[in-house]
Amino acid sequence: MQKQVANAKAEELSYGQIQKIYSTAFFVSFSIRTRGKTLHLFLGRGAGQEGLWLHKSAPPSVLRRRDNFLEYLRRHLSACSLVNLELDDQDRILKVDYQKYGQIQSILFFWKARKLYFLHYFQDLPEGPFKLLLSWRAKAVTATEDIGNLFKYFDEVGRRNDMVFDRGSPQASTIEELLEDELKAASLIGMTSNPTFLQRKKENIEDDLRKAKQWERLQHLLDQGENLDMYELKVEDQKIKFEGELNPYERRNLVFQKIKKLKRGEGILSQRLESVKELLSGKKTETNKTSQLPIVKPAWGKEDLAETKPGQENTQTGYRVFKFDHFQIGVGLTAQGNDQLRSKWAGKEDLWIHMDGLKSAHVIMKSDNQAAINPENLNLAASILAHFSHFNDAWIPIIHTQVKNLKGVTGAPGMVIYKKEKHLRCPKLDDALWLKD
């Protein structure tokens, strides 16, 4: 935040006009016109999106959302002049000074425990008295002449005075990356495709189609009667592991099942590619929609203060942990439990496991020795996953990646965006081997 405030000041935004205010599910943005240019100041709404960013563009129209918070900001700040940005020297509080009715007024934003609190010191009318609104109290009151340091009002909702600032911390995500993540999350829930998104979609489908057509190479191996007496068969991007003691017919059958899957995928992908090409060429149109992501709302009212009372913690857990020699396996019992498992129990380097293409529980594998992440223990983790996902087939299709490659979807418990995933089929073990009670 210190770097971003410094960047904003370097752009000489002081006394630029706040022309338009937009909102997405995760951010609000202020379009500020100053000295021949327009820049957009983005503020996170909380729930993991905390701080401010500068961007050259307003949020994509498909992501724009409206709520009471946006309307409040528009009513009070639109067409005002931005005067100054100031960061609290004790906690994550941003003070935005602006000019309205010829007076300097202020709105402060505080990110705490995944919530956004705000304080507003303002005039409703020219020559009217100044008012003070604390969002967690909801009601504005007439301000006294000596209101003092505005930052101190956040003490009652957990402002700290012992924050340690790591000026050498890694570079945070850019606003472009964060908006791209929001686009991906919105596409999971329901949203129309804009041209840029469609182009990326076309490229992804073409790459998937290239991989699907590799069934021809696998078919050629079967036709030639190639020896399949190996642990893993790799043909271009396709990998088939022959787990357990399989006879030649069972090995050929695994390859044949892979071919069937790829051929079926080729047909589906070809249809999708044709549809996307029609959309890009203008021959086909879609009804415009907007993102359906739930909007992250600021703490606004006494009930929000009660939920985040300092020192209060939720002792209930929605996950279960199994302990073994040199490693542990945690499994989510509910959608919220999946999120708790990932955000509260797991470390960034731990392994996240999920059913491949199926709805399932989430499993985290945590080890104190990297050698513990081996095929035998992966089979165990997959079996625990299958048990809690009510999956009864003999072979379990899974995907896995490190927790640092996951990103939760705000407002959608248990849903994640993942990358760098690997695919695997594991044999299902007898529950008696691990289920002790």
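Strands E7 and E8 form a hairpin with 2 residues between them, and Ala 113 in the turn has a positive phi of about 50°. Helices (H or I, at least four residues) and strands (E, at least two) are DSSP runs, numbered from the N terminus. The structure is a predicted model, in which local features need pLDDT of at least 70 and side-chain atom pairs count only at pLDDT 80 or more, while totals for chains, interfaces and linings use all residues. Residues are numbered from 1 along each chain as its sequence is written, and side-chain values use heavy atoms, with hydrogens and water left out.

**Strand E8 and its neighbours**

- Two strands are said to pair if DSSP finds at least two bridges between them.
- Strand E7 (residues 103–112) is joined to E8 by 7 bridges, and the two run antiparallel.
- Within this pairing, Phe 110 stands opposite Tyr 117 in E8.
- E8 is also joined to E9 by 5 bridges, again in an antiparallel arrangement, and Leu 119 stands opposite Leu 134 in E9.
- E8 and E9 form a hairpin with 6 residues between them, and Glu 127 in the turn has a positive phi of about 65°.
- A residue is called buried under 20% relative accessible area, exposed over 50%, and partly exposed in between (1.4 Å probe, protein chains only).
- In strand E8 (residues 115–123), 9 of the 9 residues are buried, so the strand is largely enclosed by the rest of the structure.
- In a regular strand the side chains alternate between the two faces of the sheet.
- Both faces of E8 are covered: Lys 115, Tyr 117, Leu 119, Tyr 121 and Gln 123 are buried on one side, and Leu 116, Phe 118, His 120 and Phe 122 are buried on the other.

**Strand E17 between two partners**

- Strand E15 (residues 351–355) and strand E17 (residues 395–402) run antiparallel and are joined by 5 bridges.
- E17 is also joined to E20 by 6 bridges, and these strands run antiparallel.
- Ile 399 in E17 stands opposite His 354, and the bridge partner of Ile 399 in E20 is His 423.

**Salt bridges**

- A salt bridge is a side-chain nitrogen of Lys or Arg within 4 Å of a carboxyl oxygen of Asp or Glu.
- By this rule the count comes to 20 salt bridges.
- Asp 181 and Lys 407 meet through their side chains in a salt bridge of 3.9 Å, N to O.
- This pair links distant parts of the chain, 226 residues apart, with Asp 181 in helix H3 (residues 175–189) and Lys 407 in strand E18 (residues 406–408).
- Glu 206 forms a salt bridge with Lys 202, and their closest N and O atoms are 2.9 Å apart.
- Glu 206 and Lys 202 both lie in helix H4 (residues 195–212), 4 residues apart, which is about one turn of the helix.
- Glu 206 is partly exposed, at 32% relative accessibility, whereas Lys 202 is buried, at 18%.
- Arg 210 forms a salt bridge with Asp 237, with the closest N and O atoms 3.0 Å apart.
- This pair links distant parts of the chain, 27 residues apart: Arg 210 is in helix H4, and Asp 237 is in the loop between strand E11 (232–235) and strand E12 (238–241).
- Asp 207, Arg 210, Lys 211 and Asp 237 are linked in a network of salt bridges.

**Positive charge on the surface**

- Patches are made of residues with over 30% relative accessible area and no salt bridge, in which like charges are joined within 9 Å and nonpolar side chains (Val, Leu, Ile, Met, Phe, Trp, Tyr) within 5 Å.
- Lys 260, Lys 261, Arg 264 and Arg 425 gather in a patch of positive charge on the surface.
- Helix H6 (residues 248–281) supplies the largest share of the patch, 3 residues.
- Arg 425 lies in strand E20 (residues 422–427) and is partly exposed, with a relative accessible area of 38%.

**Loop residues**

- Most residues other than glycine have a negative phi.
- Ala 138 has a positive phi, near 75°, and is found in the loop between strand E9 (130–134) and strand E10 (141–142).
- His 326 has a positive phi of about 70° although it is not a glycine, and it is exposed, with a relative accessible area of 52%.
- Leu 293, in the loop between H6 and helix H7 (302–307), is buried, with a relative accessible area of 0%.
- Leu 293 and Ala 186 are 107 residues apart in sequence and 5.7 Å apart in space, C-alpha to C-alpha.

Note on methods
Areas by Shrake-Rupley, 256 points an atom, 1.4 Å probe, with all protein chains shown as cover. Lys, Arg positive; Asp, Glu negative; His and termini not counted. Charge placed at Lys NZ, Arg CZ, Asp CG, Glu CD.
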